[in-house]
Amino acid sequence: MTSIITGRRLARDLGEWRTDAPAYRALADRIRLLLLDGRLATGTRIPAERDLSGALDLSRTTVAAAYAKLRDDGYLVSVRGSGSTLALPGGRRGEHEPAGRLPLDFTKATAPAFPGLAAAFARAADQITGYLGHDGFDMVGLPDLREAIAGHYRDRGVPTDPDQVMVTIGAQHALSLVTRTLHSTGERILVEQPTYPHALDTFAAAGARLVALPVQQHTGWDLAQARLQFRRAAPSMAFLMPDFHNPTGLSMPVADREEIVAVAQREGTVLVADETTALLDIDRGPMPPLCAFSPNSANIVTLGSLGKIAWGGLRIGWIRAPQALLGQILRNRPAGDLGTPLFEQLVATILLADLPAMTANRAAGLRRGRDFLVGRLAETLPDWDVVVPDGGLTLWVNTQDASSSALALAARPRGLGLVPGPRFGLDGAFERFLRLPFFYPQDQLAEAVAILAELRDHVGGTPLRVPLQAVI
Ligand SMILES: Cc1ncc(COP(=O)(O)O)c(C=O)c1O
């Protein structure tokens with residue numbers, strides 16, 4: 001399917017694209033970055049030269065030269081009579097692209113496999129013969145696994161019945177099922193700003209209009225703004241990450257949780273709490289999940305996953321919601337998939353039987369990575385503003401004066417993949433921020449910081465051309 005982007009929309013997504021390079025080149029570089037970090041999809045038809053030159057107040061020759069550069073590098077394909085569409089160069093790399101996978105791929109906030117994973121797979125292999133009369137997949141989840149997940153909530157003080165749990169193929173799948181069920185095209189969804197980029201992708205695909213709830217690096221959730229947005233925008237859904245929020249690593253204070261639950265109930269908004277990162281506690285201690293404030297509320301849906309705590313490759317997540325809502329989700333599910341594989345569910349059940357072993361193992365690895373990266377940044381880039389998170393997988397760093405998009409572009413030829421700040425926000429916000437994952441070997445963390453320190457003096461920053469603000 002080809003999507004089309006208008007000149008005005010592209011101009012907005014480009015943000016502050018100008019650098020010290022000639023304008024045509026800087027423009028081509030920024031379009032390439034939007035494609036590489038997923039803000040523009042391959043197959044998107046870009047605006048006619050005239051349209052973009054008008055939107056950017058730039059000569060048509062410059063836009064034509066930028067398009068020609070993208071075409072030469074294989075990022076743009078022109079079909080006579082039907083415009084030009086974005087592409088990734090197959091076989092033919094752009095002159096800036098290193099061959100193969102990036103040696104330092106810091107684009108993902110992932111963790112290595114939990115060391116006990118192979119043993120859990122082996123035990124599941126022993127058990128599988130007892131299940132071979134079964135279909136091998138199912139839509140709600142194995143009873144033992146649903147009970148183990150329900151037990152995880154009960155251990156956190158939230159009465160939960162296995163009937164309130166559906167097992168999914170990871171949390172991203174859970175979010176897509178919930179969005180498809182709760183949201184109708186054109187309705188509003190409230191998202192934290194910044195937020196998890198693939199949630200933005202899900203909401204864009206659902207035709208949502210997004211409203212922002214600011215989460216500030218130093219002060220956290222802006223409750224005054226939340227109250228206003230719930231009342232004024234009447235969102236159908238609010239997507240929140242109260243525990244070790246991705247990308248900031250912050251935790252929502254207990255009083256804020258209680259108030260957000262109360263406001264959402266009053267305004268009829270369904271809170272979707274994504275707890276994918278909630279088990280990644282380094283030195284915080286337990287906090288009540290949003291559903292603890294109203295365990296049987298029809299207005300609170302909780303998503304979870306073993307992707308970060310055990311392994312991304314396991315693809316096991318879940319939805320905790322009232323039974324009636326799970327029934328609706330179940331009816332919607334076959335349109336997208338026919339169930340969660342059984343073998344992975346057996347592995348997940350085995351792993352959840354000893355959750356404390358996984359959380360303790362993760363805490364130790366995360367602490368080592370976090371402290372090392374924080375120390376290196378303090379030594380090497382002391383003016384970058386880092387708030388040390390007490391959990392999660394990433395640092396959300398304010399580079400003060402560097403453009404994160406320019407840094408991300410300059411880092412790729414050095415083999416370092418980065419996701420620039422605007423990928424986490426609406427309308428080009430967070431150009432000064434970088435998300436840096438810290439669960440990597442120390443030599444890789446050190447090398448990434450050394451590259452950033454070197455590049456930062458070369459890419460510099462440019463003054464903001466437009467005030468960046470959240471949209472209603
Ligand atoms: C906040 C958040 N939600 C959902 C996901 C997707 O999780 P899963 O791998 O279980 O689909 C991620 C993965 O990075 C995440 O960070």
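Me: Leaving aside its neighbours within four places in sequence, with which residues is Asp13 in contact?

Reply: Contact means that heavy atoms lie within 4.5 Å. By that rule, and with neighbours within four places in sequence set aside, Asp13 is in contact with Ile5, Leu34 and Arg39. Please note that this is a predicted model, in which local features need pLDDT of at least 70 and side-chain atom pairs count only at pLDDT 80 or more, while totals for chains, interfaces and linings use all residues. Residues are numbered from 1 along each chain as its sequence is written, and side-chain values use heavy atoms, with hydrogens and water left out.

Me: Where is the place of Asp13, and how far apart in space are Asp13 and Asp427, C-alpha to C-alpha?

Reply: Helices (H or I, at least four residues) and strands (E, at least two) are DSSP runs, numbered from the N terminus. Asp13 belongs to helix α1, which covers residues 7-14. Although 414 residues separate Asp13 from Asp427 in sequence, their C-alpha atoms are 6.2 Å apart.

Me: Does Asp13 count as buried or exposed?

Reply: Relative accessible area decides this: buried is under 20%, exposed is over 50%, and partly exposed is in between (1.4 Å probe, protein chains only). Asp13 counts as buried because its relative accessibility is 14%. Leu35, a residue of helix α2, also counts as buried, at 6% relative accessibility.

Me: Where does Thr185 lie, and is Thr185 buried or exposed?

Reply: Thr185 is located in the loop between α7 (171-182) and β6. With a relative accessible area of 69%, Thr185 is exposed. Apart from residues up to four places away in sequence, Thr185 touches Ala206 and Gly207. The C-alpha atoms of Thr185 and Ala205 are 20 residues apart along the chain and 9.4 Å apart in the model.

Me: At what angle do the axes of helix α2 and helix α14 cross?

Reply: Axes are lines fitted to C-alpha atoms, for helices over the stretch in contact, and angles run from 0 to 180 degrees between N-to-C directions. The axes of α2 (residues 23-36) and α14 (residues 404-411) come within 10 Å and cross at roughly 85°. Angles under 35 degrees count as roughly parallel, over 145 as roughly antiparallel, 65 to 115 as roughly perpendicular and the rest as oblique. The two helices, α2 and α14, are therefore roughly perpendicular to each other.

Me: Which residues in α2 and in α14 meet?

Reply: From α2 come Asp29, Arg30, Arg32 and Leu33, and from α14 come Ser405, Ala406, Ala408 and Leu409. The residues of this contact divide into 4 nonpolar, 1 polar and 3 charged. Here Ala, Val, Leu, Ile, Met, Phe, Trp, Tyr, Cys and Pro count as nonpolar, Asp, Glu, Lys and Arg as charged, and the others, Gly among them, as polar.

Me: Which residues are around the ligand?

Reply: A residue is near a molecule or strand if one of its heavy atoms lies within 4 Å of it. The residues around the ligand include Gly170, Ala171, Tyr196, Asn246, Ser305 and Arg315. A polar contact is a pair of N or O atoms within 3.5 Å; within protein, one must be able to donate a hydrogen and the other to accept it, and residues adjacent in sequence count only if both atoms are side-chain atoms. A polar backbone atom of Ala171 is 2.7 Å from an oxygen atom of the ligand. For Ser305, an N or O atom in the side chain is 2.6 Å from a ligand oxygen atom, and for Arg315 a polar side-chain atom lies 2.8 Å from one.

Me: Which peptide bonds and phi values deserve attention here?

Reply: Most residues other than glycine have a negative phi, and most peptide bonds are trans. A cis bond joins Gln193 and Pro194, with omega about 10°, and the bond from Asn246 to Pro247 is cis with omega near 20°. Gln400, which is not a glycine, has a positive phi of about 70°. Phe430 likewise has a positive phi, near 75°. Gln400 counts as partly exposed, at 40% relative accessibility, whereas Phe430 counts as buried, at 16%.
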